[in-house]
Amino acid sequence: MSLQLDIVLCHGVLIKPLKFVVQTLINASSQNPNMPDYKVYYFNVKALGEPLRFLLSYGNLPFDDIRITREEWPALKPTMPMGQMPVLEVDGKRVHQSLAMCRYVAKQIGLAGSDPVEELQIDAIVDTINDFRLKIAIVAYEPDDMVKEKKMITLTNEVIPFYLTKLNVIAKENNGHLVLGKPTWADVYFAGILDYLNYLTKTDLLTNFPQLQEVVTKVLENENVKAYIEKRPVTEV
């Protein structure tokens, strides 16, 4: 990939990434030359890309945070696996599926469990969080306003309290973590996806769930995550 200050040539497609990408590329070049070359392709939003960015940052793995505009996406889409994002590129190999990418990074930074049973327990919690996200998203993106209003009642009164109450108890039992009583990628995934869930529900989901607040706070207090948050672009989603 060739780089100028305002243009990147990516597989034959010219894109104009944010200056943050340029700085990340410069930083990455000064790191261990044997470290894999990581690139994250996504829109300039948090949403499904933020857990991956959080994990890479948590583990202090340099990555190129390439944020694609809606105008640039049609030309870039055919170059992406399954024509979707986020996409993680590792030494030129592009992969999709957000949970698979997060799990891969978690293994690189020691947050994926120490044996198959621990891996299973972590995966179960992450899949639960993702189920929760999907149940929120199906209501938030319902195109029929009347149907959406009815679904929102169930979501607000039943689904959200059920999941958050269960997860809050789990966090309490695990000393401010979501599984195994120690930091895992489940904690980082939850912290990374939370802003998107708050955006979809137009609420502060954790107001009445202090143990879950503790989980998120521990992740946000990580110095590498702090540094990423300080320099990432400000976005609503």
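Which residues point one way from strand β6 (residues 87-90), and which the other way? The legends below begin with that strand. The model is predicted, so local features need pLDDT of at least 70 and side-chain atom pairs count only at pLDDT 80 or more, while totals for chains, interfaces and linings use all residues. Residues are numbered from 1 along each chain as its sequence is written, and side-chain values use heavy atoms, with hydrogens and water left out.

View 1. Buried means under 20% relative accessible area, exposed over 50%, and partly exposed in between (1.4 Å probe, protein chains only). Strands (E, at least two residues) and helices (H or I, at least four) are DSSP runs, numbered from the N terminus. Two strands pair if DSSP finds at least two bridges between them. β4 and β6 run antiparallel and are joined by 4 bridges; Tyr-41 has Val-87 as its bridge partner in β6. On β7 (residues 93-95), β6 pairs in the antiparallel sense over 3 bridges, and Val-90 stands opposite Lys-93. The hairpin of β6 and β7 has 2 residues between the strands, and Asp-91 takes a positive phi near 50° there.

**View 2. Aromatic pairs.** Rings of Phe, Tyr and Trp (its six-membered ring) pair if their centres lie within 6.5 Å; planes under 30 degrees apart count as stacked, over 60 as edge-to-face and the rest as tilted. By this rule there are 8 aromatic pairs. The rings of Phe-43 and Trp-73 have centres 5.6 Å apart and planes at 75°, so this pair is edge-to-face. The pair links distant parts of the chain, with Phe-43 in strand β4 (residues 38-43) and Trp-73 in helix α3 (residues 73-76), 30 residues apart. Phe-43 is buried at a relative accessible area of 12%, and Trp-73 is buried at 13%. A tilted pair is formed by Phe-63 and Tyr-228, with 6.4 Å from centre to centre and 45° between the planes. Phe-63 belongs to strand β5 (residues 63-68) and Tyr-228 to helix α9, 165 residues apart; both residues are buried. Ring pairs also link Tyr-42, Phe-43 and Trp-73 into a cluster.

**View 3. Charges over ring faces.** A charge sits over a ring if NZ of Lys or CZ of Arg is within 6 Å of the ring centre and within 35 degrees of the ring normal. Arg-94 lies over the face of Tyr-41, at 4.5 Å from the ring centre. Lys-202 takes such a place over Tyr-199, at 5.8 Å from the ring centre.

View 4. In α8 (residues 210-220) the buried residues are Leu-212, Val-215, Val-216 and Val-219. Seen down the axis of α8, they fall within an arc of 90°, so they line one face of the helix; the arc is that of the directions from the helix axis to the C-beta atoms. These buried residues pack against α2 (50-58), α6 (145-173), α7 (185-201) and α9 (223-231). Asn-208 is in the loop between α7 and α8 and is exposed, with a relative accessible area of 62%.

**View 5. Thr-184 in a loop.** Thr-184 lies between α6 and α7 and is buried, with a relative accessible area of 1%. Not counting residues up to four places away in sequence, Thr-184 touches Leu-111, Ile-122 and Val-179, where contact means heavy atoms within 4.5 Å.
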